[in-house]
Amino acid sequence: MTATSAPPATAHATTAPAAPPPRRRRRLPFSPWHLLLAPLALAFAVPLIWLLLSSVMRNEEINRFPPALWPSGIHLGGYRYVLGNAMFPRWFANSLIVSAVTVTANLVFGTLGGYAFARMRFAGSRLLLALMMATMAIPFQLTMIPTFLVMKWLGLIDTLGALIVPSLVTPFAVFLLRQFFVSLPRELEEAAWIDGCSRLRVLWQIVLPLSRPALSTVAVLTFLSTWNDLTWPLIAINHDTQYTLQLGLTTFQGQHHTQWAAVMAGNVITVLPVLLAFLGAQRAFIQSITSSGLKG
């Protein structure tokens, strides 16, 4: 009897079905927040677009009811009226002088005051800082008459000095720079002190180069508030040779007739320096706000 060997069992390898490749989520070429921010930006830009379009309209088109949304053509009569005014260059120069001096003074005095509150401890420093910040809550209408009396006592009424002196330093500039200085590490200054640097030299060579975002923010905001100010020049200035640009534009509006094309054209010329200043310092402005708002 012969033993027969069973044939070797063949293993049938079972292969699992291949998993489908993961679906790639389509990413937008921009942040989803832009879907919300773009319409909002367009809504905020509508007044500026309307200002630009109306500056190239005729007075008849602007006064029409309902108003024309698009000019019938490019009419530069408003710009010729503004630039042909003999006092317009003087008004522009006055605004430029007042803004430049005010910005420079706020940078200098705001830096010194902010650094003193941030790094120096003296008797009553916290109380003085609290009192200074409390003045930010006082509306200008309450200090308008005392400021006028002080400027009159100094003999500065109807001069550019009346527009410059009350704004040489603002509590906001001191507070913003103080907040930024607090966020800087002390080790950098201590290393400079060990090397024999004085406090002013540390401020000039160590602190200020690191504070360019905060300084740019103070400069832009001070320039905006000074350049666009109308209330205080309307009170302190009487003669047209001392008018600022904002005050001079009010002369285009009469009691019975208003040169709306000239008003719009003048506003376009007035807005251009402000817009360029803000766009030029936009990144530094955002960086300063985020840095000074987290610490201090």
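Modeller: Keep in mind that the model is predicted, so local features need pLDDT of at least 70 and side-chain atom pairs pLDDT 80 or more, while totals for chains, interfaces and linings use all residues. Residues are numbered from 1 along each chain as its sequence is written, and side-chain values use heavy atoms, with hydrogens and water left out.

Colleague: Why is Thr 222 called buried?

Modeller: Buried means under 20% relative accessible area, exposed means over 50%, and partly exposed is in between, with a 1.4 Å probe and protein chains only. Thr 222 has 8% relative accessibility, so Thr 222 counts as buried. Thr 222 sits in helix H11, residues 212–227; a helix here is a DSSP run of H or I with at least four residues, numbered from the N terminus.

Colleague: How many aromatic pairs does the structure hold?

Modeller: There are 6 aromatic pairs. Take Phe 92 and Trp 227: ring centres 5.5 Å apart, planes at 80°.

Colleague: What makes that pair of Phe 92 and Trp 227 edge-to-face?

Modeller: Rings of Phe, Tyr and Trp (its six-membered ring) pair if their centres lie within 6.5 Å; planes under 30 degrees apart are stacked, over 60 edge-to-face, and the rest tilted. With 5.5 Å and 80°, Phe 92 and Trp 227 meet both conditions, so the pair is edge-to-face. The pair links distant parts of the chain, as Phe 92 in helix H4 (residues 88–119) and Trp 227 in helix H11 are 135 residues apart.

Colleague: Are those two buried or exposed, or in between?

Modeller: Phe 92 is partly exposed at 26%, whereas Trp 227, at 2%, is buried.

Colleague: How do you know that Tyr 115 and Phe 181 are edge-to-face too?

Modeller: The centres are 5.9 Å apart and the planes are at 75°, so this pair also passes as edge-to-face. Tyr 115 in helix H4 and Phe 181 in helix H8 (residues 171–183) are 66 residues apart. Tyr 115 is buried at 4%, and Phe 181 is buried at 1%.

Colleague: Which residues do ring pairs link into a cluster?

Modeller: Phe 92, Phe 223 and Trp 227.

Notes
Helices (H or I, at least four residues) and strands (E, at least two) are DSSP runs, numbered from the N terminus.
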